[in-house]
Amino acid sequence: MSATSEFELQLRGADLKVTRPRLSVLAAVNEHPHAVTKSIIGLVRDDCGEVSQQTVYDALEALTTAGLTRRIQPPGSVARYESRVGDNHHHVVCRSCGAIEDVDCAVGEAPCLTAAEDHGYVIDEAEVVYRGLCPSCSAA
Ligand SMILES: [Zn+2]
Ligand SMILES: [Zn+2]
C-alpha cells in the first residue's frame with residue numbers, strides 16, 4: 001500500500017474529508033516528527049504548490065482534534081506536531097539548539113508517573129520534559 005493511500009485511510013477512519021492539503025500535512029508530520037508549523041507549511045508547499053497558511057493551520061487543527069497528530073509545546077518552545085499519538089511518550093529538548101527527541105514513558109504506561117498529591121483529580125496524563133544538551137551541542 002502506498003503511503004498516500006494509508007494516509008487516506010487514516011483520514012477516512014477519523015471521519016475527515018480527504019483533501020490534498022490534509023494528506024500533504026499528514027505526510028509531512030509523519031516524515032518530520034516534531035516539526036514546527038512553519039516548516040510544515042514549507043513542506044506542504046513543496047508538495048502541492050501554493051497553499052495558504054490558514055489552510056495548513058486548519059488541517060493541523062482538524063488532524064489534531066481527530067487524534068491523527070499530536071501537538072506538543074515544551075515550555076519555551078513553539079508548537080510542534082508529531083504522528084506518534086496515543087502513547088503519552090515524553091520528550092528530551094536540547095537547551096542549546098532546541099533539538100527534540102522522543103522518550104518513552106518513564107514508568108510503564110500513561111500516566112506513568114503517580115502524582116504525590118492528586119487533589120482529588122482523576123489524573124490520566126503526565127507530561128515530562130527532559131532538558132539537557134544534544135550530542136552535537138555537548139561535543140561543541
Ligand atoms: Zn543541541
Ligand atoms: Zn514525540
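Predicted model: local features only at pLDDT ≥ 70, side-chain atom pairs only at ≥ 80, totals over all residues.

I started with cysteine 97, which comes out as partly exposed at 47% relative accessibility. My cut-offs: buried is under 20% relative accessible area, exposed is over 50%, and partly exposed is in between (1.4 Å probe, protein chains only).

Residues are numbered from 1 along each chain as written, chains are lettered from A and ligands numbered from 1 in written order, and side-chain values use heavy atoms, without hydrogens and water.

Next I checked what holds the zinc ion (ligand 1): Cys94, Cys97, Cys134 and Cys137 coordinate it through SG at 2.3 Å. Donors here are N, O and S atoms within 2.8 Å of the metal (3.2 Å for Na, K and Ca), and water isn't among the atoms, so sites may look incomplete. I wrote the spacing down as C-x2-C-x36-C-x2-C. Cysteine 134 is buried, at 14% relative accessibility.

How many disulfides did I find? The count is zero, taking a disulfide as a pair of cysteine sulfur atoms within 2.5 Å.

Then I moved to the zinc ion (ligand 2), which has His34 (NE2), Glu82 (OE), His89 (NE2), His91 (NE2) and Asp102 (OD) around it at 1.7 to 2.3 Å. Its donors are spaced H-x47-E-x6-H-x1-H-x10-D.

Buried or exposed, I asked about glutamate 82? It's buried, at 1% relative accessible area, while aspartate 102 is partly exposed at 30% relative accessibility.
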